[in-house]
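Here is a short briefing on one contact between two chains.

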Amino acid sequence: MTPADAVAPGRGAAFAVATAGARRLSGAAGLAGAALVLLVLLGPLGALLAHLDPGAVRRALTAPGALQPLVTSVEASAVALGVLAAAGTPLAWAMARGRLPATRAWETAVLVPLLLPPLVIGLLLVFLVGPTTPVGEGLSHLHLSASNTFFALVLAEVYEAAPYYVLGAEASFAAVDHELEQHAALLGDPPARVFRRVTLPLAAPGLASAMAMAWARAIGAFGAVIVIAYHPYGLPMQIWVTLESGGLAAALPYALVLLVVALPLPLVAYLWTARTRPQAGADAGEPPAVALAGRWRR
Amino acid sequence: MAAVTGQVPAVAGTAGASPRPVLHADVTVERRDLTVTADLTVPGGDLLALVGPSGAGKSTVLAAVAGLVALRRGAVRLGDEVLATGAAGRRHAGRGVALHHRGVGLLAQRPGLFPHLDAAANIGYALPGGARHPRVRELAEQLGVADVLAARPDRLSGGQRQRVALARVLAAEPRILLLDEPFTGLDAALHLGVGAVVAGEVRRRRVPTVLVTHGLADAQRWADRVVVVDRGRCLQVGDPAALVREPATARVAALVGYRAFVPTEAVVAAGGAAARVPRGAATLGIHPACLVVGDGAGMPAPAEGGAVGHPGRARAVTAWLQGTVTALRAVGAGTEADVVLPGGAVVPVALGPAATAPMPGQPCAVTVVGAPWFDAAGCLLPVGPPGVAAGLAEPPGVAAGLAEPPGVAAGLAEPPGVAAGPPDSSGLAAGPGDRP
Amino acid sequence: MHRRSKRMRLVGAGVVAGALLLGACGGGTSAGTSAASSTAQRRAGTADVAFAGSLLKVDDEVVGPAFQRATGYGFTGRGGGSLGLAQEIASGEVRPGVFESVGAAPLAVVGTARSPWYVSFAASPLVIAYNPEGPHAATFRAAAAGRLPLARVFEAMASPGFRLGRTNPATDPQGQAFVMMVELAQRDLGLPPSIVQRILGPGAATGGTGDVGQIFSETSLEAHLQAGQLDAASAFRSQAVQLHLAYVPLPASIDLGDPADAAGYAAATVVVPGTGSSPARTVHGTPLVIDVATVREPGQSPADAAAADAFAAYQLSAAGRRAYAAAGFTLLPETVHGDGAAVPPAVLAAVRSSR
């Protein structure tokens, strides 16, 4: 054995240790970075929990009519989500499949509410659907008003949440392999049945998370709401009004309620998406060698 | 035309089936890089194979027949029914029967199983009752996937997915069957079994079927006719055996397994009179299955390789070449030699068990039996009087005049039954290299 | 199991650390610093001025820059609800050098330790801004010009289908003032008692919600009017002037803009409904007077303290008063409240010179 040979393993081992160390170091750095992000993201939540006074929460939530904003918010968001699901889903599908002329233009149009500050959306809605505008007059024939009404609240929430749902849904439809839809059609399914049997189930996890995102946006909508739907109070307005009149301590219980109401749906959707993700890529790659159990082999 | 070869197990029930209409696809499709044109006629119950290199446009032809791409020109007809017509200048394939009314069964290269359904539900997708339809289990058992019926596609192996997808297509009882590389990922045993199931279905239900494959052996085994496709065009259509025996051009020859083209003098027998073509103006097509390597003993080795046209043959000759063995290796029970031919091409040659193995590095005599000749333009040259056809393998007596080296007859010995068959149905398909 | 507990610990740590981070940062400030385009010699201190939202435009655009040019000090302004700002100052979340508030109540929140004195110098009377293209515009225009009795304006506002906009009495002093103004108008203009309810909706002054369709946020009320979606809206005269709104001026006895009428205003009350756990409370009418005070904080730099004093003095000087008058405020005789001995000499000089 030459001296070089004798040294080499040692050097190799040292190198291995060094790379392992570097890996550990970069791993630690990654962990630290992740922890920092988590910290920053959860900071407000921590502050909320730290400043909550259980007694204040109990008092605030047991006061007569205290839960009315919660009911209003949940109802309005549910209606807004229903509208988005009914109108946004076909739009998202058509966009994803390029069935619309000038798809880019549609995408941009959907993005506009996302790019504008919600306050500005609210102000523009005043011009669009205020009582003396043509739209407003049309609405009044239907005994609807888009000013300080439940309808106005729903409208504002739809505008704030629409981009999140439509773009999310478009992405999840686009992720559905078009070949699968073609196979279903060749197997005899007319388009509507292809959509129901293949497209929708495959896009469902993505649609659910888009829906969850939209839910969170809708129930937390404030900028456009404060302009066209000061009343009836949903949770964000209730928080704002309480903050203005009674200070931070009085408003925090409602923030907690908002969090508790807004969070479960996104969480459930996320967990569902995470559970179904491995199945989405069935065609993508070979699974680890599964014993070929053909009957001709035996 | 629809002769069922001996390799496909006889299937009962052919008698009662009603005659199926003929699929006629005269299609021109614009692909990004290529214009694909094909004119195919497939009678019900027939299996037509498209053979060619990757990117030749085989799958595009299937897509055009299935209705997945727009026709630039032409039409797809099933009997009297027009499924699609050309829509020149139109972006969308707007004209034609909707996909779900076409009754096309397409097994694509990617199986395209529905990932959210288990194997049984995939197979039963087009059946009333879905996974519970008795046909699901029946097909799964025939194709060897009965024990994975409850599994989702992501739990299946590539071969299992392929067979589940095939079962799904067959279960739908299509009016036209299009199979794109249905045998990839299957080992030899499965390959045969799946092929037999497909062939059985095709014959029993009299479905016009188009099979895309890059393996000539599959085409020869299962197909009634073979179309050689290259760069978007159909180069030659024919009986599988004849196609290999008499490739119309050198390009076709290359696509059907000829491994080397050796420039040499040609002896052309035209009207019984032999004429010499100047050296270099013709090439000899070399198929590995037609090569016999000897040790040179007893061979009238020409000084620098040569060939002699056989006046008794239409378009094939027996030729002698001087080669050099570069490597030997065991293949199965026999031996395979890499032989460098004049011109530099290296061809692997199976040595018969009786052959005396030459040593690597040594020159050897190479006899090419039944090789086609091509002129400078790559077109097949006639050798004998037109109209006189013969099988590739010569009975020993035929070659006697050419002083065959010992071992030639042994290496190419045909099963008597095949050699005795009609010229159309014998040939290379039964050659030693292709026998499973 | 192990992984999960680790994750839980991590989340817990994140929450605690996040809370610490937030505490360390304190409340955010949204201040715009405009660089001194100095004609006077540049000086070290910066006047950090917190002011009521209704003073934002005049302070940020007129008084602040003029102060910088005249004195060479820096200027930073922040606007907000008077009461909200006062609470932030009291809790130490924001540390301005000067506080300009509408009404004295916010100054009581700040406390005499920080602001031992304040000077009232202007008032912000209420007006009724109207839509010049609305169906009742003719009535409003005529009343504004004195050709129609003012009572006709209130009768128009009480008519069915009239679209009135006002702010939330629970959060905004102007929202309270508008309700009280309607009560005072009913009393002084000989209108039937029911008109208060007909204009504002049932219970608006007595702890009920009133017509919630009339309530808009402070930020968007005038926008609704300008968009033509309201027939009339509550406004300070300063807002009407600065936004070029058509408006009907009101007599001093009901516009809550004249300290001399304080006794009369006090007769008007509004019951502010409680929100959440806070109980309903009764608010009495007071004049909408603008006060300026300096805020002393421990640790404040002498230069910034000097800048704060200079700003108060500038605000009370002829130039500062002119700016307010031009912006639609009513100028009042400057009056020192609180500990007169603590008033800086420069401020005292300005107060004296205004007389």
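In this predicted model, chain A brings 31 residues to its contact with chain C, and chain C brings 28 residues. Together the two chains bury about 2700 Å². Carbon and sulfur atoms account for 68% of that area.

**Bonds across the interface**
- Zero salt bridges are found between chain A and chain C.
- Eight residue pairs are in polar contact between chain A and chain C, with both residues at pLDDT 80 or more.

**The chain A side**
- Five helices of chain A each supply at least two residues to the side that touches chain C: helix 1 (3-51), helix 2 (54-62), helix 5 (118-129), helix 10 (223-228) and helix 11 (235-246).
- Helix 1 of chain A gives the largest share, seven residues.
- By class, this side of chain A holds 18 nonpolar, 11 polar and two charged residues.

**Confidence in chain A**
- The mean pLDDT of chain A is 81. In chain A, 85% of residues reach 70 or more.
- Residues 1-10 of chain A have pLDDT below 50. Beyond near neighbours in sequence, this stretch has one contact in the model.
- Residues 278-298 of chain A also stay under 50. For this stretch the model has 46 contacts beyond four places in sequence.
- Where pLDDT is low, predicted coordinates should not be read in detail.

Notes: Residues numbered from 1 in each chain as written. Chains lettered and ligands numbered in written order. Predicted model: local features only at pLDDT ≥ 70, side-chain atom pairs only at ≥ 80, totals over all residues. Heavy atoms only, no water. pLDDT = per-residue confidence, 0-100. Contact = heavy atoms within 4.5 Å. Buried area = accessible area lost by both parts, 1.4 Å probe. Salt bridge = Lys/Arg side-chain N within 4 Å of Asp/Glu carboxyl O. Polar contact = N/O pair within 3.5 Å; in protein donor to acceptor, adjacent residues only side chain to side chain. Helix = DSSP H or I, 4+ residues; strand = E, 2+ residues; numbered from the N terminus. Nonpolar A, V, L, I, M, F, W, Y, C, P; charged D, E, K, R; others polar.
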